[in-house]
Amino acid sequence: MENNNLPEMTDEQRKAALERAAEARRERMEFKDLVRKGELSLADALDDDRAKRIRVHEFLMCIPGIGKAKADDIMRKLGIAENRRVQGLGSRQREGIVELVAKLK
């Protein structure tokens, strides 16, 4: 007896879900490009709905001048878990990211 928790989907529903997922990935990619180019302030980027599903480490590495080592350092200093997404950050952690990034520039 197979216990499959996935909903049964028609081919049309599956296709629509795949298209929505692809669109969400495209939106996140475009958002990260805006952050990379400096077209969004860091505070605005943290509050943007498009950032919510991005992992914090990945988000930090989009910021010009921050690579893996600096992103790791920021997360360690602020006590942010490796798997944390932007939507899961507390207000102090958000403020801490803005402060630490400002110090780096």
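User: Start with Lys68: is Lys68 buried or exposed? Then go through its pairing and the other salt bridges.

Analyst: Keep in mind that this is a predicted model. Lys68 is exposed, because its relative accessible area of 53% is over the 50% cut-off. Its salt-bridge partner is Asp72, with the closest N and O atoms 3.1 Å apart. Both residues sit in helix 4 (residues 68–78). They are four residues apart, so about one helical turn separates them. Asp72 counts as partly exposed, at 32% relative accessibility. A network comes next: Asp73, Arg76 and Lys77 are joined by salt bridges that share partners.

Now helix 1. Glu23 and Arg26 pair through their side chains, N to O, at 2.9 Å. Both lie in helix 1 (residues 11–37), three residues apart, which is about one turn of the helix. Glu23 is partly exposed at 35% relative accessibility. Arg26 is also partly exposed, with a relative accessible area of 39%.

Another pair reaches across the chain. Lys32 and Glu58 form a salt bridge, with 2.3 Å between the closest N and O atoms. This pair links distant parts of the chain, 26 residues apart: Lys32 belongs to helix 1, Glu58 to helix 3 (residues 56–62). Lys32 is buried, because its relative accessible area of 16% falls under 20%. Glu58 is partly exposed, at 37% relative accessibility.

The count comes to ten salt bridges. The pairs described here are among them.

Key: Residues numbered from 1 in each chain as written. Predicted model: local features only at pLDDT ≥ 70, side-chain atom pairs only at ≥ 80, totals over all residues. Heavy atoms only, no water. Salt bridge = Lys/Arg side-chain N within 4 Å of Asp/Glu carboxyl O. Helix = DSSP H or I, 4+ residues; strand = E, 2+ residues; numbered from the N terminus. Buried < 20%, exposed > 50% of the residue type's maximum accessible area, 1.4 Å probe, protein only.
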